[in-house]
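Some notes follow on the entry you sent over. They are meant to be read beside the structure.

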Amino acid sequence: MDATSCSLLNPFRLSSSIISCTITNKYYYETPPRNNNNNLYPFPSCSFAFPRSSNFPGKCLHINSFTAFSSLSASDNQNPPQELAVLLEVEGVLVDAYRLGNRQAFNVAFRKLGLDCANWTVPIYSDLIRKSTGDEERMLILFFNRIGWPTAVPTNEKKAFVKNVLKEKKNALDEFLASKDAPLRPGVEDFVDNAYNEGIPVIVLIAYSKCGDRIARSVVEKLGSERISKLKIVGDKEVEESLYGQLVLGKGLPYGVDEQLAKEARKAVSAQKHRIAEEVASMLKLSVDMDTSSPESLDKIVATLRAGAEYAEIPFSNCILIAGSQSGVAGAQRIGMPCVVMRSSLTSRAEFPSANAIMDGFGGADLTVSKLQQKQWS
C-alpha cells in the first residue's frame, strides 16, 4: 500500500520549519481536547506512542487533540486491550538506603574529617531523628551543641562546617548504595518479573537520580543481568536521544523572549513558595518535606518521564510512575501521569496529596502488578 505524506503546519510550528510525518493506511479521528494547563512550553504537548504489535497491531501518533493511526484492519482495533507501562525511580524504590546506610554514612564522614569524638550509635541516631524530625542539618547542630563543637571551627563558620559534613556524608552514602551491602527492597525483583510475564514494559529512570548516573546504574545492576535485559534504563543520553528530548531540549530550538520570561517567572514563584514554606515551618517548629526542585530540574524530570513513556512505546497517560521522591511526584503531576509513591525511611512522614496512592513496599498487601492492572490504588 502506498504511503501518504502529510505536513502538519498548524498548530505545530517550530522555528518556521515544517514537521512532516509519513503514515501508512491512515485513518483520522478527532479526540476531545485535553484540559492541560501544565505545559512547560508554548507549543502543544506531544506524546508519541508505538504500541506493541502483539497487543495493538499498528502505530499511533498523538499530536495535540488529533490522532493518526494505522492498522491491519478496522475490525482489529475494536476494544483494544488496556496498555500499561511501569516507570521506576531508584532512590526509595529500588533501594531504601536511608534505612540501612544513613547512620553509617554519617560515621564515615566523621572519621574522614578527623572527628574522632563523633560516633552515632543507633540510640543516638534515633534520638536525633526524633528531635530534628529528620532534618539532617538540625541533627548535626543538636549533636555538636550537646557534645561541643570542634575547637578548630569558629562560630561564624559553623554553617559551612555542617554543610561540609553533609557533603562527605552524601559521598559515603553514594558509595554504600553502589556496594554489595545495600540490598534491593524486598519484593522488587518479583515485581519486575511479574511485570515482564504480563507483558508490561518496565523502565528504570536514572536521569534525575540524586546519586548520579554511575551510582544509580550500579544499583540497577543488583537486579541481575537477566532482568536488566528485559527492561530499559533511561539516563541522560536516552533522554537526549528521545524524540521529546530532541524536540524540546534540543539546541536547535532556542528559547524566545516570551519563553525566557516565562521561565524566569516560574523560577521566581518557586523560590517565593519555598521561602514562605520555610518561614511557616520555622514558626511552627516543624520540618516540612516539600518539593524544592528548581524549574530546570523539574523540566528535566518531565523530559525523563516522557522519554520513559516513549521507550516503553506506551502513551504517557497509560504509564505509572513508582516514585520515591517529591520531585518525581511533581513531575508526574505536571504532565498528568499516574503516580504511586513508595514510602521509604526518608519519606515515612511526608505527605503526597497529588499521588494516586501511597504504598509501603512491594508484594502482598502493598504494591503488586495486578493492582496496577486493575488500578486498585489502595
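Which way do the residues of strand E11 (residues 339–342) point, and are they buried or exposed?

1. Strand E11. Cys339 and Val341 point one way from the strand, while Val340 and Met342 point the other way. All of these residues are buried. The model is a predicted one, and that applies to every point below. E11 runs parallel to strand E10 (residues 319–323), to which three bridges join it. Within this pairing, Ala323 has Val341 of E11 as its bridge partner.

2. The sheet. E10 and E11 belong to an open sheet of six strands, in the order E9-E8-E7-E10-E11-E12, with parallel pairing. The edges are taken by E9 and strand E12 (357–359). Each of these has a single partner strand, so one side of each is left without a neighbour in the sheet. From one strand to the next, the twist averages 25 degrees.

3. E8 with E7. Strand E7 (residues 85–88) pairs with E8 in the parallel sense over three bridges. In this pairing Val86 stands opposite Val202 of E8.

4. E8 with E9. Strand E9 (residues 232–234) runs parallel to E8, and three bridges join them. Lys232 in E9 is the bridge partner of Ile203, and Val204 stands opposite Ile233 in E9.

5. The cores. The largest nonpolar core has 41 residues. The members that touch the most others in it are Leu88, Leu94, Ile322, Leu367 and Leu372. As background, nonpolar side chains in soluble globular proteins tend to be buried together.

6. Ile322. What does Ile322 contact once its neighbours within four places in sequence are left aside? Its contacts are Val86, Leu87, Leu88, Glu89, Val93, Val340, Met342, Leu367 and Leu372. Val340 and Met342 point to one side of E11, and both are among the contacts of Ile322.

7. Helix H4 (158–178). The buried residues of H4 are Phe161, Val162, Val165, Glu168, Lys169, Ala172, Leu173, Asp174, Phe176 and Leu177. Note that Glu168, Lys169 and Asp174 are on that list. The cover over the buried residues includes helix H1 (97–112), helix H3 (136–147) and helix H6 (213–220).9. Ala182. This residue sits in the loop between H4 and helix H5 (188–197). Ala182 has a relative accessible area of 4% and is therefore buried, since the cut-off is under 20%. Not counting residues up to four places away in sequence, Ala182 touches Phe176, Leu177 and Lys222. Phe176 and Leu177 are among the buried residues of H4. The C-alpha atoms of Ala182 and Leu100 are separated by 7.3 Å, although the two residues are 82 apart along the chain.

8. Ser354. The loop between E11 and E12 holds Ser354. At 33% relative accessibility, Ser354 counts as partly exposed. With neighbours within four places in sequence left aside, Ser354 is in contact with Val329 and Gln333. Val329 is 25 residues away from Ser354 along the chain, and their C-alpha atoms are separated by 7.3 Å.

9. Cysteines. How many disulfides does the model have? The count comes to zero, with sulfur atoms within 2.5 Å as the requirement. Cys117 is exposed, with a relative accessible area of 57%, whereas Cys211 is buried at 7%. Cys339, in E11, is also buried.

10. The chain as a whole. There are 13 helices and 12 strands. Of the 378 residues, 45% are buried. Among contacts with a separation of 6 or more, 65% are between residues 24 or more positions apart.

Note on methods:
Residues are numbered from 1 along each chain as its sequence is written. This is a predicted model: local features need pLDDT of at least 70, side-chain atom pairs count only at pLDDT 80 or more; totals for chains, interfaces and linings use all residues. Side-chain values use heavy atoms; hydrogens and water are left out. A nonpolar core is a set of buried Ala, Val, Leu, Ile, Met, Phe, Trp, Tyr and Cys residues joined through side-chain atoms within 4.5 Å. Buried means under 20% relative accessible area, exposed over 50%, partly exposed in between (1.4 Å probe, protein chains only). Contact means heavy atoms within 4.5 Å. Two strands pair if DSSP finds at least two bridges between them. Helices (H or I, at least four residues) and strands (E, at least two) are DSSP runs, numbered from the N terminus. Axes are lines fitted to C-alpha atoms, for helices over the stretch in contact, and angles run from 0 to 180 degrees between N-to-C directions.
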